[in-house]
Amino acid sequence: MFKKLRGYFSNDLSIDLGTANTLIYVRGKGIVLNEPSVVAIREEPSRGGKKIEAVGTEAKNMLGRTPGNITAIRPMKDGVIADFTITEKMLQFFIEKVHGNRMIRPSPRVLVCVPYGSTQVERRAIQESAEGAGARWVRLIEEPMAAAVGAGMPVHEARGSMVLDIGGGTSEVAVISLNGIVFAGAVRIGGDRFDEAIINYVRRNYGILIGEATSERIKIEIGSAYPGQHVKEISVKGRNLSEGVPRSFTLNSNEILEALQEPLQGIVGAVKAALEQTPPELGSDVAERGIVLTGGGALLRDIDKLLMEETGLPVVVAEDPLTCVARGGGKMLELIDEHGPGLFGLD
Amino acid sequence: MSPSDADGTELPSSPGARLRRKREAQGISHQQAAESLNLDTMVLAHLEANDFATLGAPVFVKGHLRRYTTMLGLDENEIVSLYEHSTQQLGEPSLVPKSRLEMAPVRSKPRWPWVVGGAAIFFLASALVAYLSEHGLPWIDATPDESTAPVLQEAPPTTAQALPAAASTPPIAGPAGTAPDATAATASRALQSGQVSLQLKFAADSWVEVFDGSGKAVLYDLGKAGTERTLTATAPLSVTIADAAAVAVTVNGRVLPALPRAQGQTLARFSIGPDGSLR
């Protein structure tokens with residue numbers, strides 16, 4: 001009853017609870033929160049427990065730089081919850097941040113996007129986590145569907161639309177027609193695997209250890225998925241494993257391309273498998289209009305060119321691919337209000 | 001004024017025309033351009049003709065325009081900006097099937113049941129008001145109604161004749177030879193609680209007054225010899241009979257043996273309780 005009362009003072013939210021970033025779309029306002037899914041926890045044995053030190057960007061800056069009594073962790077792993085309590089606290093923090101400092105604790109209606117391949121147990125954990133964070137109404141929607149809607153694809157038509165959402169923890173490919181998923185596949189490869197691949201490459205070839213944050217910076221600045229005409233370089237610092245002291249060295253984009261080959265081939269393989277499983281009529285629709293890329297991974301340079309070469313199909317990158325899922329969820333929330341949840345096969 | 005090309009010729013203002021001109025300037029055929037973009041030649045032709053509606057949605061139009069522009073070495077943002085300012089720009093898809101749009105208003109706002117239901121309630125209310133204004137409230141009226149009919153049928157047989165006080169009741173046609181006690185019990189059950197059935201048979205002319213529990217005069221008349229009065233009223237009844245010897249009284253189907261009267265007088269004054277007993 002109190003949740004319902006508090007709901008009058010809350011906004012409807014669409015949450016993209018991602019492995020790397022959490023985005024919140026508020027109805028009528030757009031994307032209002034885009035923060036890393038990182039929580040820093042301080043151990044306080046004297047006071048008999050743990051305390052949340054920081055959440056989001058502030059906590060991400062602490063990654064790899066924390067003293068013994070503080071741990072900066074990512075509560076989401078491979079698109080699903082790895083630490084239930086911390087995820088709940090992080091969601092609660094973000095929901096309250098979106099609503100500002102109000103007297104009444106918010107109790108919004110929430111649409112949470114979940115990976116297509118997630119199990120019932122994983123979905124239940126996300127739902128209960130959102131409810132524990134104060135939501136009075138929670139619905140889960142599959143990420144590829146939200147990504148396609150957010151990208152502006154005509155998913156309601158009786159035509160096949162293929163979307164590839166490359167997130168932080170998972171990559172999902174789906175063929176959608178008449179507001180429903182006809183076929184979908186997911187691989188647990190995403191931006192995090194790209195970072196790991198770069199860390200491993202640098203350790204193997206240079207004997208230098210770099211952190212996650214440095215690896216992500218290398219990926220964003222010179223990472224590419226297809227050989228380009230121009231070779232870019234970046235200077236980074238890491239700990240030399242044999243000497244044990246920090247050393248500076250230079251990496252170029254061709255090296256990063258080589259480092260990313262394994263995770264990239266995993267994603268290409270998932271797309272090819274999906275095309276093999278797609279019914280022929282829908283496959284021809286996809287061949288005519290093309291595959292749409294969304295998610296943070298779509299920002300990797302020339303990933304569309306790689307997929308075009310590998311599949312022989314046209315590939316386009318959606319506008320603002322990082323926010324497609326959250327925007328799509330918000331749009332679906334509005335349509336559910338107008339036409340009922342049955343429009344997208346929800347109950 | 002439109003921008004000019006490197007050779008000084010004015011550039012077309014539409015994105016499709018500008019792309020076509022650039023492609024032709026580079027000597028690339030339709031077929032070659034389509035193959036390098038993995039597109040059908042028809043899709044490329046639609047792009048160059050600014051016929052964007054066939055491409056389905058803005059995401060495809062902008063995506064293909066960007067790819068095509070990059071391939072030709074043009075500024076992709078400029079071409080996309082031209083598209084966004086052109087009259088052929090597509091709107092975002094609605095995501096609601098057209099047939100559903102037609103169905104939605106019918107399903108969400110069915111007004112005819114309210115109209116029909118409201119009209120029916122209005123007519124019923126009007127009819128009830130008209131009936132009550134004509135007949136009054138039947139449950140307040142003390143005159144005997146049809147519910148007394150079974151009681152009257154249980155009464156001892158009499159000669160059929162018109163009775164002024166029971167004019168609205170059906171003619172008495174009770175079965176002959178019914179045991180008085182049995183009829184009394186049946187009559188008591190048939191009567192509403194608190195009501196008493198009273199039957200007066202006049203052997204000679206006699207004045208009679210009967211008041212019911214609320215003090216209302218139920219009977220206030222001269223009973224003629226040979227007539228009979230039957231009434232049902234709410235107890236206790238206050239009865240006054242001028243010539244007690246000439247009137248036979250039956251209460252709830254039970255004949256009273258003798259009426260209480262003062263010594264040397266013909267007048268009897270008594271009360272009848274809810275159970276039919278004298279007081």
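**Exercise 1.** How many salt bridges does the structure hold over all chains?

*Solution.* This is a predicted model, in which local features need pLDDT of at least 70 and side-chain atom pairs count only at pLDDT 80 or more, while totals for chains, interfaces and linings use all residues. Residues are numbered from 1 along each chain as its sequence is written, chains are lettered from A and ligands numbered from 1 in the order in which they are written, and side-chain values use heavy atoms, with hydrogens and water left out.

Step 1. The criterion is a side-chain nitrogen of Lys or Arg within 4 Å of a carboxyl oxygen of Asp or Glu.
Step 2. Over all chains, 24 salt bridges are present.
Step 3. One of them joins Arg27(A) to Asp337(A), with an N to O distance of 2.4 Å. Because Arg27(A) lies in the loop between β2 (21-26) and β3 (30-36) of chain A and Asp337(A) in helix α12, this pair ties together parts 310 residues apart in sequence. Helices (H or I, at least four residues) and strands (E, at least two) are DSSP runs, numbered from the N terminus.

**Exercise 2.** Describe the interface of chain A and chain B.

*Solution.*
Step 1. Contact (heavy atoms within 4.5 Å) involves 26 residues of chain A and 26 residues of chain B.
Step 2. The two chains bury about 2,200 Å² between them, 59% of it on carbon and sulfur atoms; buried area is the accessible area (1.4 Å probe) lost on putting two parts together, summed over both.
Step 3. Three salt bridges cross the interface. Glu319(A) forms a salt bridge with Lys62(B), whose closest N and O atoms are 2.9 Å apart.
Step 4. On the side of chain A that touches chain B, at least two residues each come from α5 (143-151), α10 (280-289), α11 (303-311), β18 (315-317) and α12 (324-339).

**Exercise 3.** Locate the cis peptide bond between Ala235(B) and Pro236(B), and the positive phi of Leu178(A).

*Solution.*
Step 1. Most residues other than glycine have a negative phi, and most peptide bonds are trans.
Step 2. Omega is about -5° for the bond joining Ala235(B) and Pro236(B); Pro236(B) is in the loop between β4 (228-234) and β5 (237-241) of chain B.
Step 3. Leu178(A) has a phi near 55° and belongs to the loop between β12 (171-177) and β13 (180-187) of chain A.
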